[in-house]
Amino acid sequence: MPDEDLGDLEHLFHEALARPADERARFLDEACPDERQRARLEQLLRHDSGEELVTPSPLVAGPHEGPGSVIGRYKLLTEIGEGGFGVVYRAEQTDPVVREVALKVIKLGMDTRDVVARFEAERQALALMDHPHIAKVLDGGATSAGRPYFVMELVKGVAITEYCTRHDVPLRARLALFRDVCLAVQHAHQKGVIHRDIKPSNVLVTIADGAPAPKVIDFGIAKAIHTRLTDRTLFTHHQQFIGTPAYMSPEQAELSALDVDTRTDIYSLGALLYELLTGTTPFDTRALMKRGLQDVQRAIREEPPLRPSVRAATLADGTASKRLRGDLDWIVMKALEKDRARRYDTAGALADDIARHLADEPVLAARPSSLYRTRKFLARNRSVAAAVFAAVVVLLAGVAGVYQAKLSADE
């Protein structure tokens, strides 16, 4: 299949993936008149959702890596993760030292210019990092077929939310873990890299020296702030979701994501903190996706989430609601501001406010003023506000008429 056709296939794959499952068939009917392309897209979508490919595809011809095969000086042991275009294996390095690592390689047939550029951007982004809470890049190269791969520190851990739930981690310990995550993201920003997909599955907790330690992973859709991450062209297709809806900032929900800066990661950190505190995301992801793409965008851009203490109260957790009321409510809501100018300026500033709360010191986050909340309410409810204003005008006009008539009668 020509390279430009593979680019079209990737674009259509992302377009379909951004739609609710029950809308994909109609989208494929309209967008894929070519039966072969339609069949391949359906295979990729099934595979992305965890189903096996039922029939062989011309895109995956040739040698295939898998457990037992060797790439360079690395023997693949087990597959530990897979996305639309890349596979991650647990592997054993055999030279110059013997150790277990994680090896990520582009899938056979998926090595389009766009995907290779994105892959190399991730490899370069990780290579820039030197922080105890970010997975390190150890090596890189190309397979015998010429597809790039890179080797990372193997993080043996679970998603931060799963770890906290499984071990019933106390509130203060959760906040301490989260603060370490903020500092890792701050390091990435200082290196000129925006993560753009911070979520629980990309923040793993492992045990280091007998204590839990978070590790930020997967810079697969990272964006450079000032530096160039790759010499290859890295193009974001129009109307392609970059990120995960439950943790996506309002500016990311615009789909073009051309005007995204470090504050998009601060919003995602706020969504992660919200989940660590309440056990739920600010928005119900499943309900969002059922509403269709435009409603998802509108909700992320305009609908304010419940404060964490209020959400805890709705879940009949009165103890948690009381603990979250006050500082933690306002820290989370400041990070989740729709207007990014009102969020924390940096991930480090968010980490500092968490530290202040833990030290019982005054935090920078504060309850929004009544004037600000009124202005936001009116902006969200323009039609209601217009009707109320019209009613007030009519009422005042009526009062003025009655008063004028009374004056005339007195004369």
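D353 forms a salt bridge with R356, and the closest N and O atoms of the two residues lie 3.0 Å apart. This distance, like every other value in this report, comes from a predicted model. Both residues belong to helix α13, where they stand 3 residues apart, so that about one helical turn separates D353 from R356.

Elsewhere, salt bridges that share partners join R90, E100 and K156 into one network.

## Other salt bridges

In total, the structure holds 15 salt bridges. One of them links R343 with E251, with the closest N and O atoms 2.8 Å apart. R343 is found in the loop between α12 (327-335) and α13 (347-358), while E251 is found in the loop between β11 (223-224) and α7 (263-278), so this pair ties together parts of the chain that are 92 residues apart in sequence. Both R343 and E251 are buried.

Another salt bridge is formed by K199 and D197, whose closest N and O atoms are 3.6 Å apart. As for accessibility, K199 and D197 are both buried.

## How helix α6 packs against helix α13

Helix α13, which holds the D353 and R356 pair, also packs against helix α6, which spans residues 171-190. The axes of α6 and α13 are 8 Å apart, and the angle between the helices is about 160 degrees. Because angles over 145 degrees count as roughly antiparallel, α6 and α13 are described as roughly antiparallel to each other. Their crossing is left-handed.

Which residues of the two helices meet? On the side of α6 they include R172, L175, F178, C182 and Q186, and on the side of α13 they include A347, L350, I354 and L358. Sorted by kind, the residues of this contact between α6 and α13 divide into 12 nonpolar, 4 polar and 2 charged.

## A closer look at Q186

Q186 lies in helix α6 and is one of the residues of that helix that meet α13. Is Q186 buried or exposed? Its relative accessible area is 17%, and because buried means under 20%, Q186 counts as buried.

When the neighbours within four places in sequence are left aside, Q186 is in contact with T346, A347 and G348. Sequence and space can also be set side by side for Q186 and L350, which are 164 residues apart in sequence, while their C-alpha atoms are 9.7 Å apart in space.

## How helix α7 packs against helix α12

A second pair of helices to examine is α7 and α12, whose axes come within 7 Å and cross at roughly 145 degrees. The crossing of α7 and α12 is left-handed.

In this contact, I266, Y267, G270, L273, Y274 and L277 of α7 meet L328, I331, V332 and A335 of α12. The residues of the contact of α7 with α12 divide into 9 nonpolar and 1 polar, with no charged residue among them.

Definitions and conventions
Residues numbered from 1 in each chain as written. Predicted model: local features only at pLDDT ≥ 70, side-chain atom pairs only at ≥ 80, totals over all residues. Heavy atoms only, no water. Salt bridge = Lys/Arg side-chain N within 4 Å of Asp/Glu carboxyl O. Buried < 20%, exposed > 50% of the residue type's maximum accessible area, 1.4 Å probe, protein only. Helix = DSSP H or I, 4+ residues; strand = E, 2+ residues; numbered from the N terminus. Axes fitted to C-alpha atoms, helices over the stretch in contact; angles between N-to-C directions. Parallel < 35°, antiparallel > 145°, perpendicular 65-115°, else oblique. Left-handed = near helix turned anticlockwise from the far one by under 90°. Contact = heavy atoms within 4.5 Å. Nonpolar A, V, L, I, M, F, W, Y, C, P; charged D, E, K, R; others polar.
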